[in-house]
Amino acid sequence: MTRTRLRTALTALALLVVTGCADDRADPAATGAGNGGELTVFAAASLRESFTRLGQDFEAAQGVRVTFNFAGSSALAAQINQGAPADVFAAAAPANMATVVDAGNSDGEPVTFARNQLVIAVPRGNPDGVTALSDLTKPDAKVAVCAEQVPCGAAARKALDAAGVALTPVTLEQDVRAALNKVRLGEVDAALVYRTDVRAAADDVDGIEFPESTGAVNDYPIVVLKDADHPAAARAFVDHVNSDTGRAVLTAAGFQVP
Amino acid sequence: MAGGTARARPTPTVAPRGTRRTGRTPVALLVPAILGLLFLVLPLAGLLVRTPWATLPQRLTEPGVLTALRLSVQTATLATLLCLLLGVPLAWLLARVQFPGRQLVRALVTVPLVLPPVVGGLALLLVFGRRGLVGSWLDSTFGVTVPFTTTAVVLAQAFVAMPFLIIAVEGALRGADTRYEEAAATLGAGRWTTFTHVTLPLVAPGIAAGAVLGWARALGEFGATITFAGNYPGRTQTMPVAVYLALETDLEAAIVLSLILLTVSVVILAGLRDRWASAP
Amino acid sequence: MTTGRPASLGQSVPAAGPRLLDAHLVVDRDSFRLDLPLTIAPGEVVALLGPNGAGKTTALRTLAGLLPLSAGHLTLAGRDLDHPVRRTWTPPERRPIGVVFQDYLLFPHLSALDNVAFGPRRHGLDRRQARDLAADWLTRMGLAEHARRKPRELSGGQAQRVALARALAVEPALLLLDEPLAALDARTRLDTRAQLQRHLAAHAGAALLVTHDPLDALVLADRLVVIEHGRVVQEGDAATITARPRTDYVARLVGLNLYRGYADGHRVRLGDGFELTTGDHHEGEVFVAFPPSAVALHPRRPDGSPRNTWPATITGIQQHGDNLRIQLVGPIEVAADVTPAAATQLRLAPGQPVWAAVKAAETRAYPAAPG
């Protein structure tokens, strides 16, 4: 019992180190060489699994190396606006995309390629029997949601408002993975996260769908950047994401596709 | 005296005075020194350049700002006290007591320096969390859970700040003349009295330096705090956490918050320093 | 110079009264061994003399309890403080011993008053009583107006007296003084030595003065114990030791030229065949001693009375009080004191050959074998 918990914890530790530290703070310069037939894609952290898959397909089909910089969308937008060399930007929220577009750093209009929906993440087996948002307001329930400054927090606020649920979380996490990790570590009883995140952590958590989440769907826009070193390859990558193959991969990861 | 031929002490030769070197500072030291200063100060200048001075007063009075600031100063101070309470005895142990594995213990003490703070926070969760080694016992015995509380903030800060204090105090203890402690013993002071009445006052400057370092580190603590204590305004949202979240949406707000944190810490440290400098 | 009884090496001189301190200090450390029998009577001041590394400080630290004995015993006022065989050991804070350390070790963060009050406070007095007592001691030391000063604001002599007051304020059965005057300049030394003498005379307990300065020992102590390489080489009162040194170290200490040889009446044959004529009549192994002032230097071989004359070469000249001390080599090594006027007249310089002469009447011979 204790041993499995420890193992879970250690897995979470490893995950947190990899997802939380290493990549959220990745150095754009290190991944942004941007020449020699190398495509650089800045993508929201929640796209890690699906885009890595799509990148491999794309490399095999096109013979172009794809390098990813996965991080929080706002950090990526800031990096792009500060001149980080990137060809493609895929954001987890239209607001972050707008930052880049408004700064005149995009080439053409962004297109929405995926949608993500909030679910209630609970420990595997749903020990507290959570079925609806209102279950989270029980006095003893400890709930983590994202801070409103990040897209999953904004979406959570919208969903809670739509449901008319007055929820007092114990913490407003800095990103969706941090919120999810609190569930995996057993520190909270539930967290509002994206369906894709639950899908990726299916060994440890279950996702409870709730109707109010439809009002708080998160659009994922993608765009080719103005300063792209390889505009043609960049366009090909965006097309690949929007292709049937791309949609299949995204759907498998838990995204909805338009 | 008898015999009249006692050995005389040799007359000390008087060294010529007034020839103390007052020449120019060597360029080989001056140039890297100035470069070092620039390296440390320029990023601050970068912040100042981007500061939205026009909206500054209005941003300063936003309610969340003062709450986070107060929480930061309070928790950093409590964390420093905790470090003093636990760190000074540990430093004493390392400096004064021979025991097997002392080198290992000394290395372990520096672990929080090397560990990325986020991992430190996670490690604290694994110990003090609801399912943690100690935390589960606390929960089942006292019904106390540590994560997401102000206590957790203090613990996270103390965890990362403690090595600074220990290293400073241990250095001071090693540099202190242990013969004063022997003198105290011959006057009837036991080990504890000697420690409190002689050793501590002797190394007070070292303890002060360590406490300042620790306090500053605690004040700037982010990674361990957000991982272990989470983020909730008024309870666990310290200034660095507020800065991080502000960065998500509003660069200027983040800069303003950073400047406030910087100003407050500089003012407090400078004030304390004056007090110590004038102390006997 | 008075002639005392011959000191007897290896046979301890009985203390004048009952023994307050009765100790046999044995410490083994690496290749060094201290083996020092030591007794001190109440009110007696014993000086422990010896060159650097002789074991003086080690002895002091064992008495204070800062270093345990390897063997032997240490009994003070009837209490067994350290007795390895009986597995008895008393930590320093529970020994009725006061120490004046070499550089005083006044607590830098405390005022003179609080330094002196530190001991009484630890011995159960409340703050006020301890301070009153400390103030008394400072007054007795003539330091009443310096009570509020921190040690760094005191002169060397003042600090020394505060240290003495601090050690005496706990009314120790045994007072230990480690080179108490070494850190002072010559002028301050004189005053402080006189004051120290007064306070030691008033101290009812035993006192042990560790020093390498013979003058301190001779002025302050009732009895001298000289150790070299951890062992007692000579013990006795000041007069005996200054008159009859038994080792080169003691001879240098008291400023005498010392030689060992075989006496046949008034003639003493030294190891290398050189002969000295002495005023004393002896047979067998003897020491011959004479002060540097007894050595006269001549540019040529002197005629007339001195029996002992020999050619020598100057190896060094040092200022010594008002005179010059001349180091000479030749059949024997010897130190001679001459006035600067004489030195100028003789044009003395290192390397210069001269004739040395000593009147037999100015030499003293005494048996080398103890007893």
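Helices, as the word is used here, are DSSP runs of H or I with at least four residues, and strands are runs of E with at least two, both numbered from the N terminus. On that basis chain B has 14 helices and zero strands, and its elements, taken from the N terminus on, run α-α-α-α-α-α-α-α-α-α-α-α-α-α. The structure is a predicted model, in which local features need pLDDT of at least 70 and side-chain atom pairs count only at pLDDT 80 or more, while totals for chains, interfaces and linings use all residues. Residues are numbered from 1 along each chain as its sequence is written, and chains are lettered from A and ligands numbered from 1 in the order in which they are written.

Chain B has 280 residues, of which 40% are buried; a residue is buried if 20 or more other C-beta atoms, placed from the backbone, lie within 10 Å of its own, exposed if 12 or fewer do, and partly exposed in between. Two residues are in contact if their C-beta atoms, placed from the backbone, lie within 7 Å, and of the contacts in chain B with a separation of 6 or more, 75% are between residues 24 or more positions apart. An unreviewed UniProt entry places the feature "domain: ABC transmembrane type-1" at residues 69-270 of chain B, in the numbering used here, with the feature name shortened and with the caution that annotations may be inferred rather than shown by experiment. That span is 79% helix and 0% strand, and its end C-alpha atoms lie 18 Å apart.

Within chain B, helix H10 (residues 191-202) has the buried residues Thr194(B), His197(B), Val198(B), Thr199(B) and Leu202(B). Seen down the axis of H10(B), these residues fall within an arc of 160°, so they line one face of the helix, the arc being that of the directions from the helix axis to the C-beta atoms. They pack against helix H9 (179-186) of chain B, whereas the face of H10(B) turned away from the buried side carries the exposed residues Trp192(B) and Thr196(B).

Chain A meets chain B through 19 residues of chain A that are in contact with 21 residues of chain B. On the chain A side, the elements that give two or more residues are helix H1 (2-23) and strand S7 (171-173), and the largest share, seven residues, comes from H1(A). By class this side has 10 nonpolar, six polar and three charged residues, where Ala, Val, Leu, Ile, Met, Phe, Trp, Tyr, Cys and Pro count as nonpolar, Asp, Glu, Lys and Arg as charged, and the others, Gly among them, as polar.

A nonpolar core is a set of buried Ala, Val, Leu, Ile, Met, Phe, Trp, Tyr and Cys residues joined through C-beta atoms within 7 Å. The largest such core has 217 residues, and those with the most contacts inside it are Ala121(A), Ala191(A), Val193(A), Leu208(C) and Leu209(C). Helix H8 (residues 150-175) of chain B gives the most to this core, with 18 residues. Apart from it lies another core, of 45 residues, among them Leu47(A), Ile222(A), Val238(A) and Phe255(A).

In chain A, helix H10 (residues 244-252) has the buried residues Gly246(A), Val249(A) and Leu250(A). They cover an arc of only 95° around the axis, which puts them on the same side of H10(A). What covers them includes helix H3 (48-62), strand S4 (106-116) and helix H9 (231-242) of chain A.
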